Amino acid sequence: MPGFLNLPIAGLAAAIAIPALLLLYFLKLRRKESPVSSTLLWRKTIEDLQVNAPFQKLRKNLLLLLQLLLLLLLCLALARPVRNNSAGLGKKSILLIDHSASMNARENGSTRLDEAKRRADALVKSMGGDSQAMVIAFADDAQVLQSFTSDRSALHAAIDSISPTDRRTKLEMAYKLVDAQGSDAEAWLFSDGRAEDAAHAKPRVELHDEKIGAASTDNVAIVAMDARRDYDDPTQVRVFVRLADFGDKPVDADAQLSVAPLDDAGGELHWQVLRVADCSLVPVAWSPEKREEEVKKQGLKVRDSAEFDMPLTAGAAIRVQQMHADSLSADDAATVIVPPPRQLKALLVSDGNYFLEKAIKSLDLREPVIKTPNQYAASWNDAKNNPGSYDVIIFDSYVPARLPAAGNFIWFGAVPPGIGVSADKHGDEFVRVQDRRFLDWQTDHPILRGLSLQNISLRDTLNLHVTPGAQVLAQGLKGPLIVLDRTNRQTHLIVAFDLWQSDWPEHISFPIFMRNAMQFMALGSAMNVEAAFAPGDTPRISRSVLAKLGDVKEIRVRSDRGEKSVKVAANGDVVLPPLEHVGIYSLTPPIPGLSHLAVNLLDENESNLNPIDLTGNAATGIVTKSERSQSDLWRWIIALGVLPLLLIEWWVFARRVHM
């Protein structure tokens with residue numbers, strides 16, 4: 001790449017010399033007066049005066065043109081033009097090309113990876129006939145794309161085959177492959193240096209650091225995301241994101257929340273924008289002192305995070321995007337998968353209750369089972385179907401001697417001991433009071449949402465006592481009628497009356513209550529969303545999960561970049577292909593718990609696009625360097641331009657004088 005070492009000095013010289021030369025051609029010659037004795041000589045004198053009149057028009061003059069060219073060439077030589085040359089490949093060279101996420105940053109219309117491949121191709125073209133080279137592509141791992149060869153076309157093809165990924169960067173594996181080639185090799189590293197292990201990874205060979213990327217590349221990234229269901233209201237999902245500004249000036253970046261229902265068939269997602277939050281960011285590179293100073297001086301209101309609350313009772317994908325245009329797209333969005341409520345395995349323990357039996361059979365339950373109290377007590381000896389295997393157990397006016405250590409329980413006309421709710425008892429019998437109707441209820445709670453309990457008639461109810469940790473959902477004339485309590489790993493929903501002591505089953509609100517209660521239990525049993533994957537991860541599907549799918553020969557993994565498939569072995573786990581890019585992947589056939597996969601970058605080091613200089617990062621005794629030589633071009637300008645023009649100018653001047 002050409003350049004100039006003394007361009008300002010040359011410009012000043014040209015500004016002085018060129019006008020001075022032109023001025024010489026405008027000045028008239030000073031002549032002496034002479035007496036003449038002939039009109040013929042008078043005519044000659046008049047012609048000379050016309051020619052030398054002051055400020056005459058500038059005529060076409062070959063000498064002037066030649067002298068201007070000479071001055072321009074001399075000024076150009078004074079500017080000291082140079083050509084920057086990369087050092088050529090040695091006898092045995094290794095080309096290390098980074099194709100991690102940060103190398104996808106766009107600068108001047110192309111990506112950093114494109115620039116790295118262009119430089120590597122240029123080096124291959126400079127190979128001598130007795131030189132050999134190999135090509136290694138790396139991100140968080142490394143792969144040899146072309147072993148040592150002197151075939152330039154093979155090396156060019158290997159470089160061209162390197163495709164972008166959204167993976168993180170690590171140097172260790174790449175350096176291990178380099179060291180394995182022997183100490184007589186040299187390595188050329190094409191990277192922006194944004195590696196997790198850049199501080200301690202060290203090759204044992206000479207390393208030429210070809211730093212890629214501009215030092216002032218702006219980027220706004222989502223660097224953290226968390227989503228989970230609200231503990232008190234599992235129908236609500238709370239989403240938190242944090243943004244970071246890796247540029248050199250403050251920016252405003254909106255965070256946009258979108259939701260897409262999950263397609264059970266693993267089909268395309270249709271996103272719907274729900275809301276937008278305003279974020280104001282200051283550069284991460286600012287020191288605390290500068291941050292405080294600039295915030296005061298510019299009146300900035302810094303807000304680098306956003307929090308969203310949204311109702312969600314079905315499975316969905318949730319995406320948050322930052323809307324500020326920048327150089328890297330891989331970190332502009334983060335996605336989580338919220339699984340649908342799982343189908344519950346429920347148990348009803350009752351001596352016979354038509355209303356409850358009909359209710360659990362009408363609900364979308366996986367395995368509704370009905371047992372008597374005696375059968376429940378005996379089922380503890382059943383290793384497969386003991387009470388601990390059920391997601392929800394409904395007790396109808398019955399308190400068992402033993403409960404699972406964790407689980408969800410609904411009680412009608414009974415209260416278990418040892419929780420945050422108790423009831424008056426006389427001996428082993430509950431004391432009942434007369435309570436005619438519901439007085440108040442929490443219509444905003446998901447269990448009672450949309451219900452009207454106004455016209456329900458009651459007779460006998462339990463006299464409940466509630467500790468501050470329990471939540472009263474419905475209140476009667478004499479005391480609490482519906483209470484929600486969480487004790488340790490148990491969730492208890494207590495209804496203070498026997499259904500036979502009310503006309504509630506005759507109202508439409510009862511089946512709605514049962515459906516809401518079961519949904520609440522189902523959502524509460526899986527508070528967290530599915531874990532997101534990092535780019536490059538290879539999820540594993542166990543053989544036990546595959547067995548539930550039946551006779552499946554292959555699994556297809558699809559994203560907006562295409563589709564890959566993996567064969568399913570008869571006996572064994574399946575490892576999916578690497579998830580190279582951020583976004584949503586869908587599986588066909590859908591895998592329980594893995595119908596869709598979310599892949600996010602969420603890496604501050606990778607999102608920081610300021611290149612790192614790896615010079616000096618080499619083993620003891622080996623100088624890590626990025627060699628570039630400079631060739632002065634001014635000598636060639638003098639030899640091939642100025643000297644020939646001087647000879648031509650002399651010849652023209654001599655010819656005119658002679659004539």
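# Notebook: pocket, charge pairs and backbone of a predicted model

I began with Asp603, which lies in the loop between E38 and helix H12 (604-607). I took helices (H or I, at least four residues) and strands (E, at least two) as DSSP runs, numbered from the N terminus. The model is predicted, so local features need pLDDT of at least 70 and side-chain atom pairs count only at pLDDT 80 or more, while totals for chains, interfaces and linings use all residues. Residues are numbered from 1 along each chain as its sequence is written, and side-chain values use heavy atoms, with hydrogens and water left out.

Entry 1. I looked up the accessibility of Asp603 and found a relative accessible area of 10%, so Asp603 is buried. My classes were buried for under 20% relative accessible area, exposed for over 50%, and partly exposed in between (1.4 Å probe, protein chains only). I then noted that Asp603 and Ala534 are 69 residues apart in sequence, with their C-alpha atoms 9.5 Å apart in space. Leu602 is also placed in the loop between E38 and H12. Leu602 has a positive phi of about 45 degrees although it is not a glycine, and with a relative accessible area of 28% it is partly exposed.

**Entry 2. The largest pocket.** I recorded a volume of about 760 Å³ for the largest pocket. Of its 34 lining residues, Arg319, Asp560, Val582, Gly583 and Ile584 are the closest to its centre. The search ran on a 1 Å grid over the protein atoms alone: a pocket is an open set of points where a 1.4 Å probe fits, with protein on both sides within 12 Å along at least five of seven lines, and lining residues have an atom within 4 Å of a point. Grid points are joined across faces, edges and corners, and the volume is the space filled by probe spheres set on the points.

Which strands each supply at least two residues of the lining? I listed strand E17 (316-322), strand E18 (333-338), strand E34 (554-559), strand E37 (583-588) and strand E38 (596-599). By class, the lining holds 11 nonpolar, 14 polar and nine charged residues. Here Ala, Val, Leu, Ile, Met, Phe, Trp, Tyr, Cys and Pro count as nonpolar, Asp, Glu, Lys and Arg as charged, and the others, Gly among them, as polar.

Entry 3. I located Asp332 in the loop between E17 and E18. Asp332 is buried yet has no salt bridge, and the nearest side chain of opposite charge, Arg561, is 11 Å away. For charge, Lys and Arg count as positive and Asp and Glu as negative, while His and the chain ends are not counted. A salt bridge requires a side-chain nitrogen of Lys or Arg within 4 Å of a carboxyl oxygen of Asp or Glu. What does the side chain of Asp332 contact? It makes a polar contact with the side chain of Gln322 at 2.7 Å. A polar contact is a pair of N or O atoms within 3.5 Å; within protein, one must be able to donate a hydrogen and the other to accept it, and residues adjacent in sequence count only if both atoms are side-chain atoms.

**Entry 4. Salt bridges.** Side chains of opposite charge can pair when their charged atoms come close. I counted 28 salt bridges in the structure. In one of them, Asp309 and Arg238 meet at 2.7 Å, N to O. Asp309 lies in strand E16 (residues 305-311) and Arg238 in strand E11 (residues 236-245), so this pair ties together parts 71 residues apart in sequence. Asp309, at 34% relative accessibility, counts as partly exposed, and so does Arg238 at 37%.

I next checked Lys92 and Asp184, whose closest N and O atoms are 3.5 Å apart in a salt bridge. Lys92 is in strand E3 (residues 92-98) and Asp184 in the loop between helix H6 (172-179) and strand E8 (186-191), a pair linking distant parts of the chain, 92 residues apart. Lys92 is partly exposed at 22%, whereas Asp184 is exposed at 56%. I also noted a network of salt bridges that links Glu115, Arg118, Arg119 and Glu210.

**Entry 5. Backbone.** I found a cis peptide bond from Thr588 to Pro589, with omega near 0 degrees. Pro589 lies in the loop between E37 and E38. Asn108, a residue other than glycine, has a positive phi near 55 degrees. Asn108 sits in the loop between strand E4 (106-107) and strand E5 (110-111) and counts as exposed at 84% relative accessibility.
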